[in-house]
Amino acid sequence: MIEFEPDRPRWQQVADVLRGRISSGEYPPKYLVSEVRLVQEFGVARDTIRKAIRQLRDEGLIYTVPNLGSFVSPPGEAESAKS
């Protein structure tokens, strides 16, 4: 678990951590971003994780396939999502 800053929403802090993992390559393209694992890792509610994932999806870093889960977007997808 991370130590959360009290002056920022937890979902934003989780999104920052996940964004860092994606940019560093720790989470490679097509990596399954598991809500259940993240809830356990961060010790937060599932809704908090979902808000973080939604933010990263809006940024084009993650895509979601219904009934399968959320995955890291391939390189270049984030840039095209911003256009």
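Student: Which residues in α1 meet L38, E41 and F42 in α2?

Tutor: V14, V17, L18 and R21 do, where contact means heavy atoms within 4.5 Å. This is a predicted model, in which local features need pLDDT of at least 70 and side-chain atom pairs count only at pLDDT 80 or more, while totals for chains, interfaces and linings use all residues. Residues are numbered from 1 along each chain as its sequence is written, and side-chain values use heavy atoms, with hydrogens and water left out.

Student: How are helices and strands assigned?

Tutor: They are DSSP runs numbered from the N terminus: H or I of at least four residues for helices, E of at least two for strands.

Student: At what angle do the axes of α1 and α2 cross?

Tutor: Roughly 115°, and the axes come within 12 Å. Axes are lines fitted to C-alpha atoms, for helices over the stretch in contact, and angles run from 0 to 180 degrees between N-to-C directions.

Student: Is the crossing left-handed or right-handed?

Tutor: α1 passes α2 in a right-handed crossing. A crossing is right-handed if the near helix is turned clockwise from the far one by less than a right angle, and left-handed if anticlockwise.

Student: Which residues of α2 are buried?

Tutor: In α2, residues 35–42, the buried ones are E35, L38 and F42. Buried means under 20% relative accessible area, exposed over 50%, and partly exposed in between, using a 1.4 Å probe and protein chains only.

Student: Why are they on the same side of α2?

Tutor: Because they cover an arc of only 65° around the axis, taken from the directions from the helix axis to the C-beta atoms.

Student: And what do they pack against?

Tutor: The buried residues of α2 pack against α1 (10–24), β1 (32–33) and α3 (46–58). Just after α2, G43 takes a positive phi of about 65°.

Student: Which residues other than glycine have a positive phi?

Tutor: K30 is one of them, with phi near 70°. N67 also has a positive phi, near 70°. For context, most residues other than glycine have a negative phi.

Student: Where is K30, and is it buried or exposed?

Tutor: K30 sits in the loop between α1 and β1. It counts as exposed, at 59% relative accessibility.

Student: Where is N67 found?

Tutor: N67 is in the loop between β2 (62–65) and β3 (69–72). That hairpin has 3 residues between the strands. N67 is exposed, with a relative accessible area of 84%.

Student: How many bridges are there between β2 and β3?

Tutor: The two strands pair in the antiparallel sense over 4 bridges. Strands pair if DSSP finds at least two bridges between them. V65 has G69 in β3 as its bridge partner.

Student: What is the strand order in the sheet?

Tutor: The order is β1-β3-β2, in an open sheet of 3 strands with antiparallel pairing. β1 and β2 stand at the edges with a single partner strand each, so one side of each has no neighbour in the sheet.

Student: What about β1 and β3, how many bridges there?

Tutor: β1 and β3 pair over 2 bridges, in the antiparallel sense. The bridge partner of V33 in β3 is S70.

Student: Which helix lies across the strands?

Tutor: α3 lies across β1, β2 and β3, and runs at about 110° to β2.

Student: Changing topic: how many aromatic pairs?

Tutor: The count comes to 2. One of them is Y27 with Y31, whose ring centres are 4.4 Å apart and whose planes are at 20°, so the pair is stacked. The rule takes rings of Phe, Tyr and Trp (its six-membered ring) with centres within 6.5 Å; planes under 30 degrees apart count as stacked, over 60 as edge-to-face and the rest as tilted.
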